[in-house]
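Here is a short report on side-chain pairing and packing. Look at the structure first, then read on.

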Amino acid sequence: MTSVSTIKRLCEHVGQTVTLKGWLYNKSSKGKLHFLQLRDGSGIAQCVVFKKNVTEETFEAISHLGQESSLEITGEVKADDRAPGGYELGVSAVLILQAVDGYPITPKDHGVDYLLSKRHLWLRSKRQSAIMRVRDAVAFSLRCFFHERDFVNMDSPMFTPNACEGTSELFEVPYFDRKAYLTQSGQLYAEASAMALGRVFTFGPTFRAEKSKTRRHLTEFWMLEPEVAFADLEDVCQLAEDMIVYVISHVLEHCSGELEDLERDRSKLECIQAPFPRMTYDEAAAVLVAHPDSEFTPGEDFGAPDETILSEMHTRPVIITHYPKEVKAFYMKRDPSNEDRVLCVDILGPEGVGEIIGGSQREEDIEVLEERIRIHELPREAFEWYLDLRRFGSVPHAGFGLGLERFVGWIAGVEHVRECIPFPRTIARLEP
Ligand code: 4AD
Ligand code: MG
C-alpha cells in the first residue's frame with residue numbers, strides 16, 4: 001500500500017514510495033525526462049519522470065499537460081540537496097485528474113489589476129501562498145499571546161445600531177424595517193465584555209466606507225482588539241509592545257521558508273526588540289514641522305505621508321501618544337494634565353509602514369462621556385447601553401486595535417494591504 005503524503009511531510013518518507021496530490025506548477029522536459037514541479041498547497045516538489053519508469057501513454061500525456069493540471073503522482077522519495085525543498089520524487093505513476101490548457105496566470109508579468117481580477121486563481125502563486133501562510137501564523141500567534149496572558153476571546157457583532165469611530169465611514173445596510181451599520185470596530189462591545197470577563201479580545205472583520213485609495217486602506221479588514229479592565233494608557237502601550245515582539249519572534253521561528261519565498265530581509269525583523277521609541281504628538285509634530293517634505297499643520301491629525309516620514313525615522317515601531325482631542329474618537333479619556341490632549345496611542349510600523357495600532361484609555365466618567373457624545377453629534381439613545389458601563393461599576397480601562405493586514409504587510413514586506421487578505425475589498429473592488 002502506498003501512503004499519501006503532503007509535500008511538507010516528504011522528509012518523513014525518505015526511501016518510501018508515496019502519492020502526492022496536487023497541481024502542476026511548472027514543467028520542463030529534455031529527451032527521456034520530464035521535470036514536474038508539483039504544488040499541493042503545503043509546498044512545491046520536483047517530481048522526476050524517466051521515460052522507462054512509466055507507461056508510454058503516461059509519458060506522452062505528460063508532455064501535453066498545462067499549468068494547474070490536477071495530478072496524483074506516485075514515486076520514491078529521495079533526499080536531494082539540489083532539489084527545491086530538499087526532496088524529490090522518482091516517479092513511477094501519474095494519474096491525471098484534469099489536464100488543463102490555457103491557465104490565465106502564466107509566469108510572465110501581469111499587471112496587478114489583472115491579477116486582482118483573477119484573485120481566486122492568483123492565490124495559488126508561490127508569493128501569494130507565502131503571504132497567506134504568514135497571515136495565518138500571525139493570527140495564530142496573536143491568539144496564543146493573549147491566551148497565555150489569560151485573555152478571553154469575546155467577539156463583537158458585525159451588525160450594529162450605531163457608529164464607533166465616526167459617522168462618515170459607515171456602511172449602512174437594510175435590517176428588516178430599520179437600518180443597521182457594519183461594525184467599524186468591536187471596541188464598544190469589547191468594553192462591555194471586559195467589564196464582564198476582565199481581559200478580553202475581539203478578532204474579526206471590520207468595515208470602513210473610507211474613500212481612501214491608499215496602499216493601507218481596505219473597506220473590509222480584520223482587527224484584533226484587546227480591552228483590559230483596570231488598565232491605563234501605559235499598560236496598553238506595554239501590552240502592544242510585548243505583543244508585537246512576541247508575534248515577530250514566532251514568525252521568524254516558524255515561517256523561514258515563507259520569508260525566503262517573499263525575499264524578506266530577516267534582519268529588519270530580528271531587530272524588533274523592546275523597548276520601542278516613544279514620542280508625544282507634540283514631539284512628533286515638531287519633527288514634521290521641521291521636515292522639508294512635510295505639509296503637516298500643527299493641531300491636525302497626521303496624514304499618510306507624515307506617518308511615512310515618522311515611521312522611516314526608526315528601525316523599530318514608534319509609539320506616539322497624547323493627540324489633540326479634536327482629531328480622536330469620542331470615547332478617549334482626556335489627559336488630566338492637559339485638557340486639550342487625550343490618553344491615546346498610535347503605533348507606527350517601521351520601514352514607512354505607517355499606523356498599525358490605534359488605542360486609548362477610555363473615558364470612565366459618565367458626565368464627561370455624555371458631553372463627548374453630544375459634541376460629536378452622536379445619537380444619544382444608541383449609546384444608552386454603552387453608558388450603562390459607566391453607571392454600573394465604572395473602572396479605568398484601556399485597549400487598542402491592531403489592523404491585521406497592515407501588520408502582516410509589514411512583517412511579510414508586502415507594500416499593499418490588498419495582498420494581505422485572501423479576497424480584498426476596496427472602493428474599486430468587490431469581485432471576485
Ligand atoms: O485606529 P483605529 O480606527 O482604531 C479603532 O478602531 C479603535 N476602536 C480600536 C480600539 O481601540 N479598540 O483602527 C485600528 C487599526 C489601525 O491602526 C489600522 O491598523 C487598522 O485598524 N485600520 C485599517 N486597516 C486597513 N484598512 C483600513 N481602512 C483601516 N482602518 C483602520
Ligand atoms: Mg487610528
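## Salt bridges and packing

Arg391 and Asp388 sit 3 residues apart in helix H12 (residues 384-391), so about one helical turn separates them. This is a predicted model. The side chains of Arg391 and Asp388 form a salt bridge. Arg391 is partly exposed at 34% relative accessibility. Asp388 is also partly exposed, at 32%. Both belong to a network of salt bridges that also links Glu370, Arg380 and Glu384.

The structure holds 26 salt bridges. Three of them are listed here.

| Pair | N to O distance |
|---|---|
| Arg391 and Asp388 | 2.9 Å |
| Glu339 and Arg334 | 3.2 Å |
| Arg127 and Glu419 | 3.3 Å |

The pair Arg127 and Glu419 links distant parts of the chain, 292 residues apart. Arg127 lies in helix H4 (residues 126-148), and Glu419 in the segment after helix H13 (404-412). Arg127 is partly exposed at 34%, whereas Glu419 is buried at 11%. In the other pair, Glu339 is partly exposed at 46% and Arg334 is buried at 18%.

Helix H1 (residues 56-63) buries Thr58, Phe59 and Ile62. They cover an arc of only 95° around the axis, so they lie on the same side of H1. Glu56 and Glu57 are exposed on the other side. The buried residues of H1 pack against strands S2 (17-30), S3 (33-39), S4 (44-50) and S6 (87-98).

Key:
Residues numbered from 1 in each chain as written. Chains lettered and ligands numbered in written order. Predicted model: local features only at pLDDT ≥ 70, side-chain atom pairs only at ≥ 80, totals over all residues. Heavy atoms only, no water. Buried < 20%, exposed > 50% of the residue type's maximum accessible area, 1.4 Å probe, protein only. Helix = DSSP H or I, 4+ residues; strand = E, 2+ residues; numbered from the N terminus. Arc of directions from axis to C-beta. Contact = heavy atoms within 4.5 Å. Salt bridge = Lys/Arg side-chain N within 4 Å of Asp/Glu carboxyl O.
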